[in-house]
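Subject: Structure handover

Hi,

Here is the structure I promised you. My notes follow below it.

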Amino acid sequence: MRILVRLGLAVFVLAWIFGPYELRSAVPIWLPFLIALGLELNLFVAGLRPVQPTRPNRGPQAADRERYGYADDVEELVLVRDGDEELWIPYSGESDEEEEVSPLDLSPVAPEESDGRRLWPHLRRFATGLALVSALALLFWAVERNTGWNGLDGGTRAEAAARFSAEASRVAEKRVTIRCDEGGDYVGAVQHADGVGLVGGRLAYLTPERCLDLYRLAFADEVRFNRTARAIAVLAHEAWHLRGVSDEGTTECYAFQSGVGIGERLGLSRDTAERMMRRQLADNALQTNNAYRVPPDCRDGGRLDLRPNVETFP
Ligand SMILES: [Zn+2]
């Protein structure tokens, strides 16, 4: 049980750091740490509690009784400890003298003593658990600090954000600002959103993951088809909100169309940018959240076609 919990936490943290983006967006990282800490604490407290089920077993086994000849005198045996050995000896509570008869210095097993003996291993295991959880948290912190969006220096991040703002301003048709939500205060795992922008406003936030994918495309020519496509679509989506569109489905439809131009300006070929946004449109139909699904007239020549006279869509 304990090993499974610890192994589970380790696997989860590694998967969270190196695994698919979907995991990051679905589960906040503090959750598995909290669960692991809770379970360690629970196991620790459970271990301290007096163990009830052992009480019926404290009497000698039926076979032992027969063997030593006390088969019928259930009440007359008492467990004593002689050094490391536990012995069942016949006991009669009537006479004090009988206790002195024993040639060995025997004393009844005190339950407090055995509880005291059990405390140390539990404390040790609990400390091991805490150390492991802390080590994983430290690893996570170190990796996050040195890779990803937060691993970039401040100047680079500012330059990248300025570039994203310029693209968003083009789509919004006014001067707007894109910020990357490094503190996770506005968007991200907890809010289940990749970006947030006030309808008709001048400021939108993107998650650091989306910012990193946009940065990789614009500054390092690194393209990962689906991730890059999603990041472009999110930037365009927030830009359309800033422009004044509130309906999520309509915003997505416009975003895919604007995304082609954004992708191209950030370094993609026209063909790749179109394929990416077409794929985003196709994936949109698989959306589980209906609010984000594009309306039926999001098609070539439809009401939401931004360029009705152009054949390609988006
Ligand atoms: Zn939206």
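What is the order of the strands in the open sheet of three strands? The order is β4-β6-β5, and the pairing is mixed. β4 and β5 (195–197) sit at the edges with a single partner strand each, so one side of each has no neighbour in the sheet. From one strand to the next, the twist averages 20°.

Before the details, a word on confidence. This is a predicted model. The mean pLDDT of the chain is 82, and 76% of the residues score at least 70. Confidence is highest in helix α7, at 97. It is lowest in helix α5 (residues 97–101), where the mean is 46. The pLDDT stays below 50 over residues 95–103. That stretch has one contact in the model beyond near neighbours in sequence. Where pLDDT is low, the predicted coordinates should not be read in detail.

Overall make-up

The chain has 314 residues, and 26% of them count as buried. It holds 11 helices and six strands. Take the contacts between residues at least 6 apart in sequence: 59% of these join residues at least 24 apart.

The sheet and the helix across it

Strand β4 covers residues 177–180. Its covered face carries Ile178 and Cys180. Thr177 and Arg179 are on the uncovered face. β4 runs parallel to strand β6 (residues 203–206), and four bridges join the two. Thr177 has Leu203 as its bridge partner. Arg179 has Tyr205.

Helix α7 (residues 154–172) lies across both β4 and β6. Its direction is at about 140° to β4.

α7 against α9

α7 also packs on helix α9 (residues 225–243). The axes are 8 Å apart and the angle is about 50°. At that angle, α7 counts as oblique to α9. The crossing is right-handed. On the α7 side, the contact is made by Phe164, Glu167, Ala168, Val171 and Ala172. On the α9 side, it is made by Leu235, Ala236, Glu238, Ala239, Trp240, Leu242 and Arg243.

Two loop residues

Val176 is in the loop between α7 and β4. Is it buried or exposed? Val176 has 24 other C-beta atoms within 10 Å, and the cut-off for buried is 20 or more, so it is buried. Leave aside its neighbours within four places in sequence, and Val176 is in contact with Ser165, Ala168, Ser169, Arg202, Leu203, Ala204, Ala239 and Leu242. Two of these, Ala168 and Ala239, also take part in the contact between α7 and α9. Leu203 is the bridge partner of Thr177. Val176 and Ala166 are 10 residues apart along the chain, with 7.7 Å between their C-alpha atoms.

Gly201 is in the loop between β5 and β6. Gly201 has 15 other C-beta atoms within 10 Å, so it is partly exposed. Gly201 and Gly244 are 43 residues apart in sequence. In space they are 7.6 Å apart, C-alpha to C-alpha.

Two other helix pairs

Helix α1 (residues 2–18) and helix α3 (residues 30–48) have axes that come within 10 Å. They cross at roughly 165°. That angle makes α1 roughly antiparallel to α3. Their crossing is left-handed. From α1, the residues Arg2, Val5, Leu9, Phe12 and Val13 meet Pro32, Ala36, Leu39 and Leu43 in α3.

The second pair is α10 and α11. The axes of helix α10 (residues 248–265) and helix α11 (residues 270–284) come within 8 Å. The crossing angle is roughly 160°. Why do α10 and α11 count as roughly antiparallel? Angles over 145 degrees fall in that class, and therefore α10 and α11 do too. α10 passes α11 in a right-handed crossing. α10 brings Glu252, Phe256, Gly259, Val260, Gly263 and Glu264 to the contact. α11 brings Arg270, Ala273, Glu274, Met276, Met277, Gln280, Leu281 and Asn284.

Best wishes

Note on methods
Residues are numbered from 1 along each chain as its sequence is written. This is a predicted model: local features need pLDDT of at least 70, side-chain atom pairs count only at pLDDT 80 or more; totals for chains, interfaces and linings use all residues. A residue is buried if 20 or more other C-beta atoms lie within 10 Å of its own, exposed if 12 or fewer, and partly exposed in between; C-beta atoms are placed from the backbone. Two strands pair if DSSP finds at least two bridges between them. Axes are lines fitted to C-alpha atoms, for helices over the stretch in contact, and angles run from 0 to 180 degrees between N-to-C directions. Two residues are in contact if their C-beta atoms, placed from the backbone, lie within 7 Å. pLDDT is the predictor's confidence in each residue, from 0 to 100. Angles under 35 degrees count as roughly parallel, over 145 as roughly antiparallel, 65 to 115 as roughly perpendicular and the rest as oblique. A crossing is left-handed if the near helix is turned anticlockwise from the far one by less than a right angle, and right-handed if clockwise.
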